[in-house]
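Subject: Structure for you to look at

Hello,

Here is the structure I promised. Please open it and keep it beside you as you read my notes below.

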Amino acid sequence: MTLPTTQVYAEIPRRIISLGPLITEMIYLLGADDRLIADTTYCNVPEDAKNKIKIGSLIQADVEKIISLDPDIVIANPLANENQLKLLKRLGIRVEQYENPATFEKICTMMSTLGHLVGEAEKAQAIINEARAKVNDITRRTRRLAPRKVFIQIGFNPLHTSPKGTFINEYITFAGGINVAAEETSGNYSREKVMANNPDVILIATMGSDKTGAEKEKETWMGYHALNASRTGQIYVLDPEIVCSPTPVSFAEALAYIVPLIHPELQGKEK
């Protein structure tokens, strides 16, 4: 969604401030990074995003610094401080806000909308078309395979996963798997439920934690010798930077990486 606007803006913004990592990454993909004058301390993909002026975190921005940079537009994530956004609008600064997209198609919609916003609609559509083609090619291959049970962990203390209706679930289903937590009403889960469902594969992409924590979780799961995934060694740590906040491009790349983890017979066949 976007914040309601009371003015009509015809000109393409030349001075852009991003208040979210996904927004920043998409701006780079669109080739509009030369107009990106500032972003947050969490914006570190691609590497060059680290060199932009930093105006705060995801939830708390330095309003005075934003004003001093004289932006044409501020593009915000859903965690941005609502009062700060309202203040910027009262000061005549254009503000647009995006929700975190829940599915691959919504990720594509966000890319399309952002492309129109920054004057790169054709490039956005080309990116979307290429990503969709890769995803469709993968699903054509995997739908012929016997599905395997998968548990994906995206948090611990408490244990957290992702049910259906999410792009995390789509990684599993598009890759020819069955999400053992698909029918849960929330992401909260338990090791007892994992044991009861006995997945063939466990994927770990713990958001907000370092890789050491994820590796420790892998060691913990490997100790559950009754699990099929433990007996076969099919417990894998994924990069949360790629898996947990994807663009259309990185969703397709992450899916291609996950496919042979679920179906080892496809190892080396996904591009």
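Start with I75. This is a predicted model, so treat what follows as computed.

Where does I75 belong? I75 is part of the largest nonpolar core, which has 51 residues. Together with Y171, I75 touches the most other members there.

Helices α1 (21-29), α4 (104-117), α5 (121-142), α6 (167-174) and α11 (248-262) each supply at least two residues. So do strands β4 (73-76), β6 (148-153) and β8 (201-204). The largest share comes from α11, with nine residues.

There is also a second, separate core. It has 16 residues, including I37, I55, V63 and A76.

Now step back to the whole chain. It has 11 helices and nine strands. The radius of gyration is 20 Å, close to the 18 Å that the globule rule gives for 271 residues, so the chain is as compact as a globular protein of that length. Along the principal axes, the C-alpha atoms fill a box of roughly 60 × 35 × 30 Å.

How much of the chain is buried? Of its 271 residues, 49% count as buried. The accessible surface is about 13,100 Å², and carbon and sulfur atoms hold 51% of that.

Last, the charges. There are 30 positive and 33 negative side chains. The centres of the two sets lie 4 Å apart.

Best wishes

Definitions and conventions:
Residues numbered from 1 in each chain as written. Predicted model: local features only at pLDDT ≥ 70, side-chain atom pairs only at ≥ 80, totals over all residues. Heavy atoms only, no water. Helix = DSSP H or I, 4+ residues; strand = E, 2+ residues; numbered from the N terminus. Rg over C-alpha atoms; globule rule 2.2 N^0.38 Å. Buried < 20%, exposed > 50% of the residue type's maximum accessible area, 1.4 Å probe, protein only. Areas by Shrake-Rupley, 256 points an atom, 1.4 Å probe, with all protein chains shown as cover. Lys, Arg positive; Asp, Glu negative; His and termini not counted. Charge placed at Lys NZ, Arg CZ, Asp CG, Glu CD. Core = buried A, V, L, I, M, F, W, Y, C linked by side-chain atoms within 4.5 Å.
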